[in-house]
Amino acid sequence: MRVMVTGGAGFIGSHLIDRLVSRGDEVTVVDNLSSGVFDFIRKHVDDGSIIFHNIDLKNLSDLKPLMHEIDMVYHLAANADIRLGTKITDTDLNEGTIVTYNVLEAMRLAGVSKIAFSSSSVVYGEGAPMPTPETHGPCIPISLYGASKQGGEGLIGSWVGTFGFQAWVFRFANIIGRRGTHGVIFDFIHKLKSDPNRLEVLGNGLQEKSYMEVGDCVDAILHVIESTNQPFNLYNLGSNDTCSVRRIAEIVIEETGCKGASIEYTGGDRGWAGDIPKARLSIDRLKQLGFSVKYESEDAVAYTTRALIKEIMGE
Ligand code: NAD
């Protein structure tokens with residue numbers, strides 16, 4: 001199988017590439033390294049098992065020639081910093097919606113018709129029943145990032161309906177694990193590294209979300225694609241429970257050995273405007289395909305904390 005991974009130098013993309021390479025796929029990676037890290041994929045580039053193109057997906061003309069000879073695209077490139085949209089309001093429009101249009105259009109022009117897309121639980125917006133099933137609607141995202149994911153899903157649906165594409169759309173919970181470059185655990189470790197006596201927590205700490213370990217996420221993506229064959233396949237990916245921000249702070253303090261650190265909450269029910277304080281996805285549809293996660297939320301948090309401490313503190 002000849003596949004393209006957009007955003008392949010990123011956190012999740014690089015783990016996906018490890019799996020695709022190990023099963024023998026021929027992998028082309030497109031990434032502009034805006035938040036991706038070349039070292040995550042360096043070994044595969046050096047040994048010739050993947051081809052890497054440092055290309056900005058906003059430029060359709062740069063992408064078009066790379067699409068020939070590709071069987072399927074895993075489209076993961078996006079701005080992954082939800083908070084950025086509160087300051088630079090066209091970030092998600094450009095890096096999410098427009099980029100997804102460019103990927104679809106380059107595929108259509110080259111005759112490539114299979115796409116997997118990394119969407120997010122944030123498309124459900126606030127107030128959805130929990131655990132939230134894929135059938136929930138109407139979906140009203142409250143962040144610009146969420147709007148771009150919903151826009152991407154809509155574009156993909158329209159390419160399925162109009163041009164006969166086949167799509168797998170994954171609404172991810174919070175994905176965490178080795179090589180994480182953003183998110184709450186990453187932030188807490190960095191804060192404690194600069195001040196081991198004090199940990200500032202955005203919000204009141206009662207935010208409660210579902211966490212999925214990145215290995216589970218990548219396994220689930222590949223399992224769903226192998227097990228389903230509808231024109232448009234929509235799956236929530238997450239674990240069965242949640243973990244609170246307060247508990248994450250305690251775990252990070254314990255694992256970093258900063259036992260005397262005081263936890264200081266900035267207050268309010270959410271970390272930032274557009275944040276959804278409580279989220280838990282129904283993963284019944286995923287489980288019906290015979291998939292089970294290895295890590296539930298708190299175990300995933302503890303495992304990730306230990307892994308990121310090694311990476312960040314160099315231990
Ligand atoms: P990441 O930032 O590590 O990966 C995104 C990659 O896309 C980066 O390598 C970046 O350099 C690349 N990229 C961004 N804009 C680009 C452009 N214009 N042209 C080319 N490359 C570009 O983030 P991640 O956590 O690995 O997320 C991967 C995907 O999963 C994203 O679409 C993200 O929105 C989605 N997602 C992630 C989570 C999570 O918890 N990490 C949750 C829900 C959805």
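Colleague: Why is F38 called partly exposed?

Modeller: F38 has a relative accessible area of 21%. Buried means under 20%, exposed means over 50%, and partly exposed lies in between, with a 1.4 Å probe and protein chains only. F38 is therefore partly exposed, at 21%. This is a predicted model, in which local features need pLDDT of at least 70 and side-chain atom pairs count only at pLDDT 80 or more, while totals for chains, interfaces and linings use all residues. Residues are numbered from 1 along each chain as its sequence is written, and side-chain values use heavy atoms, with hydrogens and water left out.

Colleague: What makes the rings of F38 and F52 a tilted pair?

Modeller: Rings of Phe, Tyr and Trp (its six-membered ring) pair if their centres lie within 6.5 Å; planes under 30 degrees apart count as stacked, over 60 as edge-to-face, and the rest as tilted. The centres of F38 and F52 are 5.3 Å apart and their planes stand at 55 degrees, so the pair is tilted. The structure holds 4 aromatic pairs. Ring pairs also link Y101, W159 and F163 into a cluster.

Colleague: Where in the chain do F38 and F52 lie?

Modeller: F38 is in the loop between strand 2 (26-30) and helix 2 (42-46), and F52 is in strand 3 (residues 50-53), 14 residues apart. Helices (H or I, at least four residues) and strands (E, at least two) are DSSP runs, numbered from the N terminus. The chain comes to 10 helices and 14 strands.

Colleague: How do you know that the charged end of R179 sits over the ring of F40?

Modeller: The rule asks for NZ of Lys or CZ of Arg within 6 Å of the ring centre and within 35 degrees of the ring normal. The charged end of R179 is 5.9 Å from the centre of the F40 ring and counts as sitting over it. The charged end of R285 sits over the ring of Y235 as well, 6.0 Å from its centre.

Colleague: Is R179 buried or exposed?

Modeller: R179 has 10% relative accessibility, so it counts as buried. R179 is found in the loop between strand 7 and helix 6, and its phi is positive, about 65 degrees, although it is not a glycine. Most residues other than glycine have a negative phi, and most peptide bonds are trans. E69 also has a positive phi, near 70 degrees, but E69 counts as exposed because its relative accessibility is 58%.

Colleague: Which residues of helix 6 are buried?

Modeller: In helix 6 (residues 184-194), I185, F186, F188, I189 and L192 are buried. They cover an arc of only 165 degrees around the axis, so they are on the same side of helix 6. The arc is that of the directions from the helix axis to the C-beta atoms.
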